[in-house]
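Visitor: Could you show me how to read a protein model, one feature at a time?
Guide: Gladly; let us look at it together.

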Amino acid sequence: MTHRPEFPTSPATWRGLPAAQQPPWPDQQALNRVLADLAGCPPLVFAGECDRLRTQLGAVARGEAFVVQGGDCAETFAGVTADRIRDKVKTLLQMAAVLTYATSVPVVKVGRIAGQYSKPRSSPTERRGDVELPVYRGDAVNGLEFTAEARTPDPDRLRRMYQASAATLNLVRAFTKGGYAGLQQVHTWNQDFVSASPAGERYERLAGEIDRAMAFLRACGVRPDEFDDVDFFTSHEALILDYEEALTRRDSLSGHDYDVSGHLIWIGERTRRLDGAHVEFASTVRNPVAVKLGPTATADEALDLIEKLDPHREPGRLSFITRMGADRVRDLLPPLVEKVTASGARVAWICDPMHGNTFTAPGGLKTRGFDDILAEVRGFFDVHHALGTHPGGIHIELTGEDVTECVGGGAAVDVDDLVHRYESACDPRLNRHQALDLAFETAELLRDRGNGAG
Ligand SMILES: O=C[C@H](O)[C@H](O)COP(=O)(O)O
Ligand SMILES: C=C(OP(=O)(O)O)C(=O)O
Ligand SMILES: [Mn+2]
């Protein structure tokens, strides 16, 4: 193998390479002014925190931990309120608690939060009747309102993205480090969910077992406040490379570059080409990174991505988030996992059961069925079980609120209910009940086969 300096490039090497899905900013000078300001702003996250997440994801890649990653498809500036952020984090922590019990391994907690403001789209424009306008690309770029003014990309929104991320992260840190969301409290929230849920009876057994485990720990002298300090990490799709580069800083201790806009950054299904700008940018920063792999991904592409993004084969550096669709996961996932495993690489395999299962409901709203989502998770576990590899975690679009965007689940939402509270700016999210249903159902799947680890 040829010698490779560890980080041979600087964050600007992506420039000049094909960069898909970049906003058509109308005023380049205005953009440059914003980027110069952002380049002088304090980091949102710290290199040491990114290293810590990489270490924890390393345990996932080795089969010794599980990851729950989730949050909005598209965060919005209007969504930066204390209640919404709290409820989202609360939902993720509740899911993680159930899965910690079910897997008997540590669960790494990662939000799609504090930076998930830009969206890759299938079409550059949206048509309503006779009017065609630029498509909404996330609050980082333009407004959702269907007017020419709102849809014009405005670079000042990148500044607001930074501010919204900072405000969100400040609250997330307070919730997770301030004792508010300790394990005992999270367990109490789960008990409340089980007693209020129509499907509650089914989950009572599991909740009761967790309750007895907690009582056992207390009896052994473990103080409840020992679990008050929660490690919670942020992640988003690193889509707008101007922004990500402006938020990249060299760590004075290690000399490595870190994208300090979030702990983990991922590359989406639409921007993962090997010779493209997104993969190049990710290769130059030391954060843990992930790549989405959809139905067209080949095993050779996965191997090339490993070579480019994880040349040192460091467990935790690279995760693959697969999103194949419930009816295809059993056919499409095995060749990828087999070849990657045979190559000796250790990546964390994470299941996104959302993006391969979207359909348009008769009224025209994009939705997803709870049963399809659960079926893809089941398929993902079955594939890994059959291959003797580790199903490392789940990646979910969710909110802590009672929205009606996905159909099914314990407190069934059906297609006619979608209009009642459909608030997503992009893809349909599981609501709080559906997200917790998914955690309990996944926990049962894992328990049925003994345990999640290995
Ligand atoms: O979140 C993922 C994509 O941005 C989203 O699914 C694209 O949606 P579209 O097909 O409506 O553009
Ligand atoms: C854009 C997304 O997914 P994908 O890249 O897998 O389509 C997303 O996670 O919102
Ligand atoms: Mn999405």
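Guide: Helix axes here are lines fitted to C-alpha atoms over the stretch in contact, and angles between N-to-C directions run from 0 to 180 degrees. Keep in mind that this is a predicted model.

Visitor: How are two packed helices described?
Guide: Packed helices are described by the distance between their axes and the angle between those axes. Here, helix H12 (residues 370-387) and helix H13 (residues 432-448) have axes that come within 11 Å and cross at roughly 30°. Angles under 35 degrees count as roughly parallel, so H12 and H13 are roughly parallel to each other. The crossing of H12 with H13 is right-handed.

Visitor: Which residues in H12 and H13 meet?
Guide: From H12 come Phe370, Ile373, Leu374, Val377, Arg378 and Phe381, and from H13 come Gln434, Asp437, Leu438, Glu441, Thr442 and Leu445. By class, this contact has seven nonpolar, two polar and three charged residues.

Visitor: Now the ligands. Which residues surround ligand 1?
Guide: Cys73, Lys119, Pro120, Arg121, Ser122, Cys426 and Asp427 do. That shell divides into three nonpolar, one polar and three charged residues.

Visitor: And which residues are around ligand 2?
Guide: Among them are Cys73, Pro120, Lys292, His355 and Asp427. The shell around ligand 2 has two nonpolar, three polar and five charged residues.

Conventions:
Residues are numbered from 1 along each chain as its sequence is written. Chains are lettered from A and ligands numbered from 1 in the order in which they are written. This is a predicted model: local features need pLDDT of at least 70, side-chain atom pairs count only at pLDDT 80 or more; totals for chains, interfaces and linings use all residues. Helices (H or I, at least four residues) and strands (E, at least two) are DSSP runs, numbered from the N terminus. Angles under 35 degrees count as roughly parallel, over 145 as roughly antiparallel, 65 to 115 as roughly perpendicular and the rest as oblique. A crossing is left-handed if the near helix is turned anticlockwise from the far one by less than a right angle, and right-handed if clockwise. Two residues are in contact if their C-beta atoms, placed from the backbone, lie within 7 Å. Ala, Val, Leu, Ile, Met, Phe, Trp, Tyr, Cys and Pro count as nonpolar, Asp, Glu, Lys and Arg as charged, and the others, Gly among them, as polar. A residue is near a molecule or strand if its C-beta atom, placed from the backbone, lies within 6 Å of it.
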